[in-house]
2 protein chains.
Amino acid sequence: MVLVVQKFGGSSVADAERIRHVARRIAARAAGGTRLVAVVSAMGSRTDELIALATEVTVDPRPRELDVLLSTGEVVSSTLLSMALHDHGLDAVSLTGQQAGIRTDAVFGRARIAGIETARIERELASGRVVIVAGFQGVSESEDLDVTTLGRGGSDTTAVALAAALGADACEVYTDVAGIYTADPRICADARALGDIGYDEMLELATTGARVMHARAVEVGSLYGVEVRVASTFDEQAPGTLIRGEAVMEQSNKVRGIAHQSRVGRVTVRGVPDRPGIAARLFSPLAEAGVSVDTIVQNVSTEQLTDMTFTVASGDLSRALRTVEAALPELGAAAVVGDSDVGSVSIVGTGMASSPGYAAAMFETLYTHGVNIELISTSEIRITCVVDAEKVNEAVRALHEAFELDQGE
Amino acid sequence: MVLVVQKFGGSSVADAERIRHVARRIAARAAGGTRLVAVVSAMGSRTDELIALATEVTVDPRPRELDVLLSTGEVVSSTLLSMALHDHGLDAVSLTGQQAGIRTDAVFGRARIAGIETARIERELASGRVVIVAGFQGVSESEDLDVTTLGRGGSDTTAVALAAALGADACEVYTDVAGIYTADPRICADARALGDIGYDEMLELATTGARVMHARAVEVGSLYGVEVRVASTFDEQAPGTLIRGEAVMEQSNKVRGIAHQSRVGRVTVRGVPDRPGIAARLFSPLAEAGVSVDTIVQNVSTEQLTDMTFTVASGDLSRALRTVEAALPELGAAAVVGDSDVGSVSIVGTGMASSPGYAAAMFETLYTHGVNIELISTSEIRITCVVDAEKVNEAVRALHEAFELDQGE
């Protein structure tokens, strides 16, 4: 019998009516004889509400306690969906991350899944039940069995990891958009949903701004060969996008999508002595402080002093500045300055590195639209430009048109 | 070192400010060298909100799922209180009912505590931590480890049971009133908090309307000899009321308090054949339907037919009527009628049964205030009269004055 893992995001279970809608979809699918495991996120903005509550109580919520607090959001939605399924005559059971056997390390707030003990889920499936799993959470492998959370977007990771552990026939992620778009459709009216996309391309899109699918979930999918269909909860006709391993061979247009970040934080360290090991001394404290660094540029050295510039998520800017400030004496650097008036725009596609001309075409397009490039970074399948925040949307539209992404595949 | 179990009700942790207030109280107590376990209820009306959410999703929430859903309320408040304690430099840890070792039967919605494995709590206390326990919940002893809830007021029971299992030196229940009153102070301006009260008296008060302390918690206290102090969260000067085993000997006034229920459901079964076994056939189906029956009166039989009248909680009235309606053919009874225009008023005090005259004084007082008595029931330490719902408040005030409860002890 076919086994499918489905995941429903926060907007799909935002209120009682939507939960009943999701239950109808699951019931219709189960009626066709499919065994189902559904992973759910917290209702709508519940996670943000819980964070706000914690922030009201204390400026510095203890991570262990914050994780237990946040995990309740997914527990609530899982029980409500299970109740709604009973109304369709289906036997359903909600499981917490712990009950679902999701074991993690003890890094609160961004725990990594260490393994999944599938015995309970398999037992429930064998008794003919639909299994609803509270996403985003697990339990630490220590004797304390403390609740952990997987970080933002963690429910995607829960779903893909469960699909891998259960050997599911399919993994489907339902969201409020019709799949992975060539660009953000709120910015670019011509954007269209892709039929399929490779793991690596998806990873670059997710990392550089396409929030439909969480990067870690894509990594897990890639690692375990789990194909993931991303589709709309509400538009049942749209086929969605299949994220899978094999790149589509000989694509006529190798740019698959435009990603963007409306706002990033930019940090510039001035007067850094240009000697070996200095970069490690700068970036190690940032890593310890949990700040992920994106684009890094080091200017040409003059008189043995150099300027180093890098970007971070805009929410991490003040932490990054505090961390670098504290490290200035150790670095022997002059000063650190930050600003948040910049954003980023990226073109993503497998094979760009082996086909010259994409970078040139991107820079030319931005130039003709009067968008000044402040920083550049590249990977095998991505070129990212940091630009004035006010120019991000225009840059997205210009690049979408220049690479003819509005044309069908 | 002294070990105290404290319990803070929903109004005590209703918002971030109150949670910080509770944290200050706990921190002050801990600074004096006391080891503390704090049991918390859900914030304010959160339990009602969660029930409303479930009712929006389905008319008939599956009890297992409802229990998991409701248990999140106490988990949220326990984590927030733990965070607030960290701001006072205290090491605190929140534990779910499961983590706190509270094992119950699998009767969802009104599970009974089967035992408490205190190892985790004792380990946390030994590491110098304040332990915050999510009240109202436990985990079933089956291999599924399903979350269960103890029913309304269950956090009181959690606290008293923990105090018993841990051999605590004291158990303190903090609430929004200054203790156990001689009558509801919202109705009777002269009501005053009692210095102490016996378990049995408290049980009668709790059962017949004083909602400060849950009856099951009093039972557990009585069974294990746990003295419970009920006091105000906010008025730190008020000493509160000590609930304890030994009745105060030779009290000059044996009526300790007036309890009331503003509204109860009254059910009358007409034309019941007066033959042996008929009461069992009437009340067994009600017990199976989970309806608790209070006062029962059977009229004198005429022509082998009798009328039976009983009261139920007003929320159970429609269920009671449906259940009896279905049993009418089996009973051979003519009809069942119900109304909810009645309430009850009770006088409670140890030793009333052995001292004649209390019942007479109660009936006389109600008569002189024009309150008609519709049903009467008595126990060793309680006399309850069912009266017109509109007359309940006046009856409370009249009895409070007649038995001189406004005078000090």
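This is a predicted model: local features need pLDDT of at least 70, side-chain atom pairs count only at pLDDT 80 or more; totals for chains, interfaces and linings use all residues.
Let's start with how the two chains relate. Chain A can be laid on chain B with an RMSD of 0.1 Å, using a turn of 180° and a shift of 0.1 Å along the axis. That is the relation of a two-fold axis. If you want to find the axis on your screen, look for A:Thr72: within chain A, its C-alpha is the nearest to the axis, at 2.9 Å. Both copies use the same surface, too, as 100% of the contact residues of chain A recur in chain B.

Now for the inside. The largest nonpolar core has 39 residues. Among those with the most contacts inside it are B:Val37, B:Val133 and B:Ile121. Helix H5 of chain B, residues 154-166, gives this core its largest share, six residues. A second, separate core has 38 residues, including A:Leu166 and A:Ala259.

Let me stay with B:Ile121 for a moment. What does B:Ile121 touch, leaving out residues up to four places away in sequence? The list is B:Val37, B:Leu95, B:Ala100, B:Val131, B:Val133, B:Leu162 and B:Leu166.

Last stop, B:Ser377, which you'll find in strand E17 of chain B, residues 373-379. Is B:Ser377 buried or exposed? It counts as buried, because its relative accessibility is 16%, and the cut-off for buried is under 20%. Beyond four places in sequence, B:Ser377 touches B:Thr295, B:Arg382, B:Ile383 and B:Thr384. With B:Arg382 there is also a side-chain to side-chain polar contact of 3.4 Å.

How values were computed: Residues are numbered from 1 along each chain as its sequence is written. Chains are lettered from A and ligands numbered from 1 in the order in which they are written. Side-chain values use heavy atoms; hydrogens and water are left out. A nonpolar core is a set of buried Ala, Val, Leu, Ile, Met, Phe, Trp, Tyr and Cys residues joined through side-chain atoms within 4.5 Å. Buried means under 20% relative accessible area, exposed over 50%, partly exposed in between (1.4 Å probe, protein chains only). Helices (H or I, at least four residues) and strands (E, at least two) are DSSP runs, numbered from the N terminus. Contact means heavy atoms within 4.5 Å. Copies are superposed by least squares on the C-alpha atoms of residues with pLDDT of at least 70 in both. A polar contact is a pair of N or O atoms within 3.5 Å; within protein, one must be able to donate a hydrogen and the other to accept it, and residues adjacent in sequence count only if both atoms are side-chain atoms.
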